[in-house]
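Welcome! Keep the view open and try each task before reading on.

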Amino acid sequence: MKESKLLSFIDKDKTYTIHFFEGQKLIHDLAIIHDVKNSGFAYFRDSILSFVPLNAFLKAGENFGLYIDSEAPYFKFKVEMNEAGFLRTLLLPETFSENPSEITGQVRLSKIFLGQSQPYNSIIELNKTVPKDITTKILKTSYQLNSEVILCENSDQSVLISKLPSAHVDKVDKEKNGEELTLSEIILKNKSFLNDVMNKGHENTDDVVKELEAHDYEYLMGKQIEFKCNCSRDRMVDSLLALGTQTSLEEVFNGDESIETRCDYCKTYYKITQKELLDIIKQ
């Protein structure tokens, strides 16, 4: 399968953008890595397709993390991405098997800017929020964007439509008088065509570009999106060393000479011995 790609377009009148995510390879890879079953995977899949298009708003060197702490139903969802298109994600508990119609809890967006040590954080309260509305809330609250995501039911693809700010000071009057389309009108105008394109399940993104260009959209750029985890054995060792004392480590090992640690994101196992940790502490 070809690597997944996020494609960006603008309409001929320069009034709105379309970010088309062809995610079949990414969803395939995540299905192999994460043992999420049944309805739980349906939620996992929809969340990935909803949140990945946010990558289009990252500038060079930027990273962001999106974290959902749901109280009802109880689960934790994480997705972390960078501007280069690398992504890692997880859903806990791994036995989560619901596709919730409503979510109550919090979503936190943490954005790291190039050259800044402290991230920008925004927290959004969720109160019986429909899952598909979470992305809209993030875009409106954290990005001040008038946007909406359309998910495809028949293929692992999605579209993010964003209305651009008007250059006219009388923007509100223009919308009231019908001279400028609202976001709802833009979606109504394009939804059928975009669904037709997504339902074809193009794996070759060149075919997607051709279809949208034929519909008078200008192609801006494409970005490859793929799973990549930056875990390592050294990082796992550092995490155990953060416990700080020989007594704490002995409790972790519980009489065994070695333990296996596992990365929650990529499920890679690392075997670590107690002796090597104690030697590092002594040094």
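**Exercise 1. Find which side chain is joined to that of Glu 80 by a polar contact of 2.8 Å, then describe the surroundings of that residue.**

Solution. Please keep in mind that this is a predicted model.

Step 1. The side chain of Glu 80 is joined to the side chain of Arg 88 by a polar contact of 2.8 Å.

Step 2. Look for another polar partner. The side chain of Arg 88 also makes a polar contact with the side chain of Asn 230, at 3.0 Å.

Step 3. Decide whether Arg 88 is buried or exposed. Its relative accessible area is 17%, and buried means under 20%, so Arg 88 counts as buried.

Step 4. List the neighbours. Setting aside residues up to four places away in sequence, Arg 88 touches Lys 78, Val 79, Glu 80, Phe 227, Lys 228, Cys 229, Asn 230 and Tyr 265.

**Exercise 2. Work out how helix 5 and helix 6 are arranged relative to each other, and which residues make the contact.**

Solution. Two packed helices are described by the angle between their axes and the distance between the axes.

Step 1. Helix 5 covers residues 183-199 and helix 6 covers residues 205-214; their axes are 11 Å apart, and the packing angle is about 160°.

Step 2. Angles over 145 degrees count as roughly antiparallel, so helix 5 and helix 6 are roughly antiparallel to each other.

Step 3. The crossing of helix 5 and helix 6 is right-handed.

Step 4. Helix 5 brings Phe 193, Leu 194 and Val 197 to the contact, while helix 6 brings Val 208, Glu 211 and Leu 212.

Step 5. Sort these residues by class: the contact of helix 5 with helix 6 has 5 nonpolar, no polar and 1 charged residues.

**Exercise 3. Which peptide bond is cis, with omega near 0°, and which is cis with omega about -5°?**

Solution. Step 1. The bond from Leu 92 to Pro 93 is cis, with omega near 0°. Pro 93 sits in the loop between strand 5 (86-92) and strand 6 (103-112).

Step 1. A cis peptide bond with omega of about -5° joins Ala 72 and Pro 73. Pro 73 is in the loop between strand 3 (63-72) and strand 4 (75-82).

**Exercise 4. Where in the fold are Lys 14 and Gln 144, and how accessible is each?**

Solution. Step 1. Lys 14 has a positive phi, near 60°, although this residue is not a glycine. Its place is in the loop between strand 1 (4-11) and strand 2 (16-22). With a relative accessible area of 46%, Lys 14 is partly exposed.

Step 1. Gln 144, also a residue other than glycine, has a positive phi near 55°. This residue is found in the loop between helix 3 (132-142) and strand 8 (146-151). At 60% relative accessibility, Gln 144 counts as exposed.

**Exercise 5. Describe the position and contacts of Ser 50.**

Solution. Step 1. Ser 50 lies in helix 2, and at 7% relative accessibility this residue is buried.

Step 1. The side chain of Ser 50 reaches the backbone oxygen of Asp 46 at 2.8 Å.

Step 2. Apart from neighbours within four places in sequence, Ser 50 is in contact with Thr 135, Val 149 and Leu 151.

Methods. Residues numbered from 1 in each chain as written. Predicted model: local features only at pLDDT ≥ 70, side-chain atom pairs only at ≥ 80, totals over all residues. Heavy atoms only, no water. Helix = DSSP H or I, 4+ residues; strand = E, 2+ residues; numbered from the N terminus. Buried < 20%, exposed > 50% of the residue type's maximum accessible area, 1.4 Å probe, protein only. Axes fitted to C-alpha atoms, helices over the stretch in contact; angles between N-to-C directions. Parallel < 35°, antiparallel > 145°, perpendicular 65-115°, else oblique. Left-handed = near helix turned anticlockwise from the far one by under 90°. Contact = heavy atoms within 4.5 Å. Nonpolar A, V, L, I, M, F, W, Y, C, P; charged D, E, K, R; others polar. Polar contact = N/O pair within 3.5 Å; in protein donor to acceptor, adjacent residues only side chain to side chain.
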